[in-house]
Amino acid sequence: MRRLLNFLYDGAAALAALCMVALLCAVLLSIVSRQLSFHVPGIDAYAGYLMAAAGFLALAHTLKRGEHIRVTLVLSALKGRTHQALELFALALGTLLAVLFAYYSVRLAWQSHAFNDISTSSDATPLWLPQLSMGVGAMVMAIAFVDELVLQLLGRRAGATPGEALRNE
């Protein structure tokens with residue numbers, strides 16, 4: 001199961017990296033097209049879609065690597081059961097919010113598809129297509145939060161190290 005979850009997180013991160021490369025290509029195409037006096041319709045919108053996709057698809061991988069910004073000042077002052085209880089509370093709350101975010105993100109994409117909602121810019125892209133990456137990224141992040149919560153409950157989660165605050169904040 002651990003191998004499958006890590007593959008899911010790494011796969012989403014790889015898709016995020018591909019989106020970043022595609023974003024670079026879109027921006028370069030936009031720059032070159034202006035210099036050579038031709039127009040690529042919707043390239044700015046597609047660059048925005050790719051930027052959002054890269055951000056959302058990288059959320060779970062970032063969480064699992066401990067790179068999300070955390071306020072560890074209070075946690076580092078606590079010891080024992082109080083530390084564990086606060087860590088568990090934070091993960092439970094994060095899991096709840098991630099699950100709600102995933103649900104509403106997928107629901108938004110579904111409703112955009114059902115209503116045939118399209119972009120108001122010149123590209124007229126069906127909005128469910130770029131919203132799908134947000135829903136997928138949010139679902140993978142929710143899975144990662146559940147994973148972290150279960151690891152914490154089982155006592156297998158790596159705790160914060162004393163240098164973590166300096167490294168991340």
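Trainee: Where is serine 37 found?
Mentor: Serine 37 sits in the loop between α1 and α2; helices here are DSSP runs of H or I with at least four residues, numbered from the N terminus. This is a predicted model, where local features need pLDDT of at least 70, side-chain atom pairs count only at pLDDT 80 or more, and totals for chains, interfaces and linings use all residues. Residues are numbered from 1 along each chain as its sequence is written, and side-chain values use heavy atoms, with hydrogens and water left out.

Trainee: Is serine 37 buried or exposed?
Mentor: Serine 37 counts as exposed, at 69% relative accessibility (buried is under 20% relative accessible area, exposed over 50%, partly exposed in between, with a 1.4 Å probe and protein chains only).

Trainee: And what is the phi of serine 37?
Mentor: Near 60°, a positive value in a residue other than glycine. Alanine 124 also has a positive phi, of about 50°, and lies in the loop between α5 (80-114) and α6.

Trainee: New topic. How many aromatic pairs are there?
Mentor: The count comes to three, where rings of Phe, Tyr and Trp (its six-membered ring) pair if their centres lie within 6.5 Å, and planes under 30 degrees apart are stacked, over 60 edge-to-face and the rest tilted. Tyrosine 46 and tyrosine 49 have ring centres 5.7 Å apart and planes at 85°, so the pair is edge-to-face.

Trainee: Which helix holds tyrosine 46 and tyrosine 49?
Mentor: Helix α2 (residues 43-57); being three residues apart there, tyrosine 46 and tyrosine 49 are separated by about one helical turn. Tyrosine 46 counts as partly exposed, at 36% relative accessibility.

Technical notes:
Helices (H or I, at least four residues) and strands (E, at least two) are DSSP runs, numbered from the N terminus.
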